[in-house]
Amino acid sequence: MSYDVTLILGDGIGPEVINATKLILDSCPIKFNWDIVEAGESSIKKYGTPLPQNVIDSINRNKIALKGPVTTPIGTGFKSVNVTLRQTFDLYANIRPVKTIAGVPSKYDNVNLIIVRENSEDLYKGIEHMVGDDAAESIKIITRKASERIVDFAFNLAVKEKRKKVTSVHKANIMKCTDGLFLNCSRKVAQNYPEIVYEEMIVDAMSMKLVMSPEKYDVLVMPNLYGDILSDLAAGLVGGLGMVPGANIGNDIAIFEPVHGSAPDIAGQNKANPTAAILSSVMMLRYLGELDIADSIENALNLVLKQEEYKTFDMGGNTGTIEFAKAVIKELK
Ligand code: ATP
């Protein structure tokens with residue numbers, strides 16, 4: 001079997017973690033025809049835009065992409081590449097599984113939740129303007145269509161993954177119209193899934209509860225901004241941003257990428273943990289139906305993470321990004 005996949009290396013640690021992941025995928029018994037395209041800071045210098053048309057064309061053609069973190073420099077006037085990609089291809093569901101992994105240093109030992117983040121609207125529409133010189137407005141868009149679609153996606157995922165509970169996260173006590181609509185949609189969709197427990201949580205309380213007792217949560221569904229913030233919080237429960245993968249799913253296109261950003265503080269030093277990128281590729285393999293290969297990569301990764309000698313910098317060790325990937329390949333074989 002062979003797959004045509006768009007590969008975006010990204011900025012900062014992106015090329016390191018994505019190349020490490022590519023090395024692992026290329027050692028598997030399936031063939032990937034990588035269409036390597038450039039987006040982000042380096043593209044601005046070369047093409048005058050962080051998101052050149054050939055990237056869009058490639059994703060449209062291949063329908064699937066593996067992507068490193070991409071930076072949109074603040075103050076350049078360019079719209080975020082990540083947000084633009086998600087909106088262009090209507091990748092409405094952002095799925096972020098957050099799971100304790102044996103051997104990874106963390107304060108918790110029993111976290112296994114999935115954040116389902118609405119990916120197409122909310123304040124991330126970027127509809128902002130100045131009101132005179134001294135005030136600014138940003139418009140929060142929440143629609144029935146997008147809310148029902150994401151909540152339905154979360155319940156469907158819960159059924160597929162044999163999960164027990166979906167928690168809808170909101171701030172409807174303050175934002176009665178926008179979050180109120182999201183909450184009403186959640187309640188309506190929940191009625192179609194009587195076998196799944198449904199609960200609601202205000203986002204601030206959710207933050208506290210995730211820190212105090214994360215093991216109580218299963219699938220969490222929420223609007224875009226809360227999903228962005230709680231994803232990083234949740235990453236902190238399982239060893240940090242280097243551990244959490246992500247998938248942006250639309251109707252027929254999907255982009256897989258780690259939750260972390262470009263981490264300029266450790267870029268170019270072979271220090272980044274590629275686990276999040278590797279797990280993103282495991283999600284991609286499952287999406288492609290390559291379940292056995294996905295399982296074997298995840299198992300090999302878990303074996304490496306258990307070993308004291310293979311700890312990257314964020315786990316308190318000094319294994320390099322590439323050496324870590326090679327250790328996974330060794331376990332695969
Ligand atoms: P963005 O705003 O682009 O989403 P962020 O604010 O989430 O980025 P990151 O760049 O993701 O920030 O990273 C925050 C810090 O976490 C980094 O500075 C780095 O120290 C650490 N970090 C992130 N990813 C990794 C990784 N893969 N391996 C090791 N450390 C990481």
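Tutor: Helix H5 covers residues 144-160 and helix H6 covers residues 178-190; their axes lie 9 Å apart and the two pack at an angle of about 45°. That angle makes H5 oblique to H6. The crossing in which H5 passes H6 is right-handed. These values come from a predicted model, and they are computed from its atoms.

Further along the chain there is another pair to look at. Helix H9 takes in residues 275-287 and helix H10 residues 291-306. The axes of H9 and H10 come within 8 Å, and they cross at roughly 160°. An angle over 145 degrees counts as roughly antiparallel, and H9 and H10 are therefore roughly antiparallel to each other. Their crossing is left-handed.

H10 also packs against helix H11, which is made of residues 321-332. Here the axes are 8 Å apart and the angle is about 120°. H10 and H11 are therefore oblique to each other. H10 passes H11 in a right-handed crossing, whereas the crossing of H10 with H9 is left-handed.

Now to the ligand. There are 13 residues around the ligand, and those that come nearest are His260, Gly261, Ala263, Asp265 and Asn273. By class, the shell holds five nonpolar residues, five polar ones and three charged ones.

Some of the contacts can be followed atom by atom. A polar backbone atom of Gly261 is 2.3 Å from an oxygen atom of the ligand. For Ala263, the backbone again supplies the polar atom, and the distance to an oxygen atom of the ligand is 2.8 Å. Asp232 takes part through its side chain: one of the polar atoms there lies 3.3 Å from an oxygen atom of the ligand.

To go back over the helices, H5 is oblique to H6, H9 and H10 are roughly antiparallel, and H10 and H11 are oblique.

Technical notes:
Residues numbered from 1 in each chain as written. Predicted model: local features only at pLDDT ≥ 70, side-chain atom pairs only at ≥ 80, totals over all residues. Heavy atoms only, no water. Near = heavy atom within 4 Å. Polar contact = N/O pair within 3.5 Å; in protein donor to acceptor, adjacent residues only side chain to side chain. Nonpolar A, V, L, I, M, F, W, Y, C, P; charged D, E, K, R; others polar. Axes fitted to C-alpha atoms, helices over the stretch in contact; angles between N-to-C directions. Helix = DSSP H or I, 4+ residues; strand = E, 2+ residues; numbered from the N terminus. Parallel < 35°, antiparallel > 145°, perpendicular 65-115°, else oblique. Left-handed = near helix turned anticlockwise from the far one by under 90°.
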